[in-house]
Amino acid sequence: MNSTETFDYIIVGAGSAGCVLANRLSADPKTRVLLLEAGGRDWNPWIHVPVGYFKTMHNPATDWCYLTEPDPGLNGRRLQWPRGRVLGGSSSINGLLYIRGQAQDYDRWRQLGNAGWSYEDVLPYFRKSEDYQYGENEFHGVGGPLAVSGVRIHRKLCDVFIDAAQEVGIPRNDDFSGPVQEGVGYFHQTCRNGRRCSTAVGYLNPVKGRSNLTIQTHALVQRVLFDGRRASGIAWTIDGRRHEAHCRGEIILSAGAIGSPQILMLSGVGPAAHLKDTGIEPFHDLPGVGRNLQDHLQIRSVYKTSEPITLNDEVNNPFRKVLMGIEYLLFRTGPLTIAASQVCVFTKTSPELETPDIQFHIQPLSADKPGDGPHRFSAFTASVCQLRPESRGRIELKSGDPAAHPAIHPNYLSTPYDRHIAVEAIKVTRKIAGTNALGSLISGEHEPGTDVRTDEELLEYARNRSQTIYHPVGTCKMGSDAMAVVDDRLRLRGIGGLRVVDASIMPNLVSGNTNAPAIMIGEKASDMILEDAKS
């Protein structure tokens, strides 16, 4: 493309929300749309194999490979924060788990003054996006771009864990996106016929041939360009060569909870004092940019099994590993269709709570950390996270170089309540592991280990061994208070022609995985953008 071209819409980031926007905004053939993506095409075959996240996470060809700053709440540890750098963004490398969160999450957004964001308002967009394997109903849609299906393999270990959770009073739930979230059951996943359905697959591929849609990969955005108080264009580089495009309509940042605030700050939009310290001349003082960072912190317990029934046994056996590959190639079934977790649990650490406050991800395998190879022994992982942490972190620039990763300060476990829930969550894990149903299958607690007993010891284990569960949000939050970055129509406060549309706009983290909500945000924002253009 020419560097002097003009578009109606420029979308920065072809991730979970960006691909949705590219599809919906280019539906009118008279509207010119430019989609910029820092990564490449989604040609890596492991992207499309469900279990392929083991090959794409921590791979610089598909992952930004972010690393947090030393975190005081984790005893100074730094965590790897994978984020997708490829068409489809994180929906191309994530664990494929489809969870929307609780209705109360969105009602809380509305109560904060964000009109149009209650659960009743957003449910139609979840349904619009969805092609649900089990048919249309009050909560689910069919025919949408995003395939949502059940698991293609049931394992003895997973069935027994479900029985164990029911033994401690957690009800069976086969649809966590239905009328009630609480319960135990198998995850739904973003797959179609045993292959990943990223937003690049579901939303972008069917429309990439539109003559009015330009998709530019390997485009590292430098900054937003302004004409007075209005965003007028984007500057980016490809292999060090600078390009620009102008915009007569709107520029939409969909670069995620790390990328969107980084681009704003590189453009002079953000906390003025911080920008000056980084050598950037402030253009618009917006103190909330990069603040309000929230994430789910997973605390993983590993249990050795008395029978060779885990994926560890299959992956570590060369013959069985070959059979797994053959089964997938021939039938699109078997262990290679497994998402990051199979069994999900939403439950409460206290019966006084209105809704679940912790979530389990149960994996029939174990490793020292996610993305690593499996242990040489038979074991499974019960990972638990607090759904609505109070801790808040921040994203800051380290320099004015767009290629330099920003400083990520998650600030995990920084409040007494979050530390309390971390301890109680491990206790719930042990309660389920101690049931009659699981007793005959567990030969020992590998982590934390039976020598870790007191609340202080459990908290110290959480500080030393917990990991991100890859759900950063909130750094360009929606609202009307002094720290809000966008209004309830996702327009940047104080600047015309510029919106943010991705998980960074969430004022509060949803109670569950964040890919489905990010796609919903893209769907709803598309309608708002088109409505505002007409008016």
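Let me start with Cys344, which is buried, at a relative accessible area of 0%. Buried here means under 20% relative accessible area, exposed is over 50%, and partly exposed lies in between, with a 1.4 Å probe and protein chains only.

A word on the source. This is a predicted model, where local features need pLDDT of at least 70, side-chain atom pairs count only at pLDDT 80 or more, and totals for chains, interfaces and linings use all residues. Residues are numbered from 1 along each chain as its sequence is written, and side-chain values use heavy atoms, with hydrogens and water left out.

Back to the cysteines. The structure holds zero disulfides, a disulfide being a pair of cysteine sulfur atoms within 2.5 Å. Cys158 is in no disulfide, and its nearest cysteine sulfur, that of Cys344, is 12 Å away. Cys158 counts as buried, at 1% relative accessibility. For Cys344, also in no disulfide, the nearest cysteine sulfur belongs to Cys385, 9.0 Å away.

Now the interior. A nonpolar core is a set of buried Ala, Val, Leu, Ile, Met, Phe, Trp, Tyr and Cys residues joined through side-chain atoms within 4.5 Å. The largest has 136 residues, and Trp117, Leu264, Leu490 and Leu492 touch the most other members. Helix α12, residues 416-433, gives the largest share of this core, eight residues. Helices are DSSP runs (H or I, at least four residues), as are strands (E, at least two), numbered from the N terminus. Apart from that core lies another, of 18 residues, and Cys344 is among them, with Val51, Tyr53 and Phe176.

What does Trp117 contact beyond its neighbours within four places in sequence? The list includes Tyr106, Trp109, Met478, Leu490 and Lys524; contact means heavy atoms within 4.5 Å.

Next, charges. The structure holds 29 salt bridges, each a side-chain nitrogen of Lys or Arg within 4 Å of a carboxyl oxygen of Asp or Glu. Glu396 pairs with Arg291, the closest N and O atoms being 3.3 Å apart. That pair links distant parts of the chain, 105 residues apart: Glu396 is in strand β22, and Arg291 is in the loop between β17 and β18. Glu396 counts as buried at 16% relative accessibility, whereas Arg291 is partly exposed at 23%. Glu396 also meets Arg394 in a salt bridge, at 3.1 Å, N to O. Arg394 is partly exposed, with a relative accessible area of 31%. Elsewhere, salt bridges that share partners join Glu250, Arg489, Arg499, Glu531 and Asp532 into one network.

Last, Leu329. Leu329 lies in helix α11, residues 318-331, and is exposed, with a relative accessible area of 66%.
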